[in-house]
Amino acid sequence: MSEKKSSKENNDSAVLSGDGFSINLPLLKGSLGPDVIDIRSLYKDTGKFTFDSGFTSTASCESQITFIDGDEGVLLHRGYSIEELAENGDYLEVCYLLLNSELPSKSELESFKKSITYHTMIHDQMTDFFKGFRRAAHPMAVMCGVVGALSAFYHDSLDIDDPQHRLISAHRLVAKMPTISAMAYKFSVGQPFIYPSNKLDYVSNFLHMMFSVPGEHFEQNQILTKAMSRIFILHADHEQNASTSTVRLAGSSGANPFACIAAGIASLWGPAHGGANEAVLKMLNQIGSVKNIKEYIDKAKDKNDPFRLMGFGHRVYKNYDPRATALKESAHEVLNSLGVENEPFLELALKLEEIALNDSYFQDRKLFPNVDFYSGIILKAMGFPSSMFTVLFALARTVGWIAHWTEMIEDPNQKIGRPRQLYTGSMRRKYSDISDR
Ligand code: SDX
């Protein structure tokens with residue numbers, strides 16, 4: 001990690017006053033984005049908490065990894081725009097950038113790729129874990145279990161205070177996620193596991209483990225490999241989202257990185273988060289045709305109807321998610337190259353987007369397509385079942401989770417995360433014997 005440029009205190013401060021108190025709170029300025037009011041002394045000095053369930057206005061940490069400007073639809077990784085990285089980089093180059101703060105030189109990238117390649121195998125005893133699941137288990141359930149179990153096999157690298165242990169764990173996780181993901185898929189379809197090949201690059205290796213079968217030669221498709229790499233780059237990191245915050249909070253107690261990543265996988269699974277890509281395909285299936293769009297738009301606007309337009313809206317983006325723009329382009333490219341340009345789901349999604357973006361309900365709330373709106377359409381065309389969509393999101397996001405976990409562990413001011421609450425439960429009362437109730 002580069003020399004930590006801590007946030008700058010300046011002489012500005014915010015004055016907070018209320019019943020019988022008044023306090024000056026320092027304003028901290030970052031390099032980009034809103035200033036923050038440092039409230040760390042608030043409870044000690046006033047006996048009061050702040051309240052912000054959902055963290056809509058709360059910075060949970062200082063970070064140098066990713067910056068999002070939600071109003072402008074800007075996403076930067078270590079200062080580089082997602083558009084440039086998706087266009088020019090390859091996924092492991094972006095992994096190196098996220099983990100090491102700088103783009104690698106040619107030799108740095110070669111040695112990083114070599115290290116990742118030689119950690120793609122998993123302990124053969126781990127294959128038994130898969131047999132404990134029903135074949136019909138959701139692959140995300142398998143991912144939670146098997147990734148968490150990694151800590152049972154790598155006792156040699158669990159000392160989180162040892163930089164070498166942190167480094168080898170980071171490489172093991174980035175390297176083994178494709179292998180475990182492909183195994184989860186193979187197990188679900190009853191096909192034999194395909195071992196990783198050290199002759200293949202990271203993405204080709206993953207597609208080989210996913211789609212090759214022992215009886216046939218597997219033909220790599222460069223268009224799909226490029227599309228897969230781009231999809232992984234677009235999902236690699238996204239600041240303090242729910243799953244990354246889960247990894248940080250789990251890691252703040254000193255839990256090992258494998259257990260923390262398993263916690264991140266569990267959080268990502270939710271349909272409001274990384275599970276949305278699978279939910280979008282289910283929604284498009286439910287809508288069925290363009291003539292039903294209005295009915296579902298009305299449902300999405302109806303407060304009494306729990307239905308939401310999946311793949312739409314975002315806590316931070318109040319503009320078009322730049323990743324959705326890139327994925328929309330990729331959808332056209334991949335479908336055309338596969339000769340399925342009139343894929344019905346794409347037609348439906350484009351029409352749904354057009355109608356929603358012209359509807360005042362969505363305009364007033366600044367609800368735009370997010371990363372999940374188009375990704376599933378591409379993945380379906382590439383041959384992935386929708387149950388694997390969030391697994392692919394977790395595979396790609398593991399490097400972001402690890403970068404944030406490492407940044408937190410290496411922060412000299414790091415302490416265990418322990419939020420407070422606004423208690424509205426019962427006042428103190430006496431226990432009553434069951435015979436009196
Ligand atoms: C990801 O945080 C990240 O960075 C996440 C992510 C990443 O890379 O890690 O970007 C990945 O999780 C993308 C989001 C995927 N989820 C979905 O597509 C599910 C559908 N979207 C919604 O559930 C919602 O938009 C959220 C969860 C994404 C954001 O919710 P917020 O910020 O809590 O917003 P909100 O629920 O307070 O909504 C504000 C208003 C409400 O209406 P009012 O009460 O003001 O009248 O907008 C409405 C909501 O009802 N609204 C929607 C809607 N999303 C918000 N109405 C219909 N359809 C939607 N999708």
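This is a predicted model: local features need pLDDT of at least 70, side-chain atom pairs count only at pLDDT 80 or more; totals for chains, interfaces and linings use all residues.
Local features require pLDDT of at least 70, side-chain atom pairs count only at pLDDT 80 or more, and totals for chains, interfaces and linings use all residues. Residues are numbered from 1 along each chain as its sequence is written, and side-chain values use heavy atoms, with hydrogens and water left out.

A ligand nitrogen atom is 2.9 Å from a polar backbone atom of A272. A ligand oxygen atom is 2.9 Å from an N or O atom in the side chain of H273. For the side chain of R365, an N or O atom is 3.1 Å from an oxygen atom of the ligand. On its own the ligand has 1,100 Å² of accessible area, and the protein covers 76% of this (Shrake-Rupley method, 1.4 Å probe).

The largest nonpolar core has 118 residues. Such a core is a set of buried Ala, Val, Leu, Ile, Met, Phe, Trp, Tyr and Cys residues joined through side-chain atoms within 4.5 Å. Buried means under 20% relative accessible area, exposed over 50%, and partly exposed in between (1.4 Å probe, protein chains only). Y91, V147, F206, M228, I265, L309 and F384 have the most contacts inside the core. Helix α18 (residues 389-409) gives the largest share, 14 residues; helices are DSSP runs of H or I with at least four residues, strands are runs of E with at least two, and both are numbered from the N terminus. Beyond four places in sequence, F384 touches F206, L207, M210, F211, M228, L379, F389 and L392 (contact: heavy atoms within 4.5 Å).

T66 is found in strand β4 (residues 66-69). T66 is buried, at 10% relative accessible area. Its side chain makes polar contacts with the side chains of H77 (2.8 Å) and D237 (2.5 Å). A polar contact is a pair of N or O atoms within 3.5 Å; within protein, one must be able to donate a hydrogen and the other to accept it, and residues adjacent in sequence count only if both atoms are side-chain atoms.

S375 lies in helix α17 (residues 371-381) and is buried, at 0%. L167, in helix α7 (residues 163-189), is partly exposed, at 40%.
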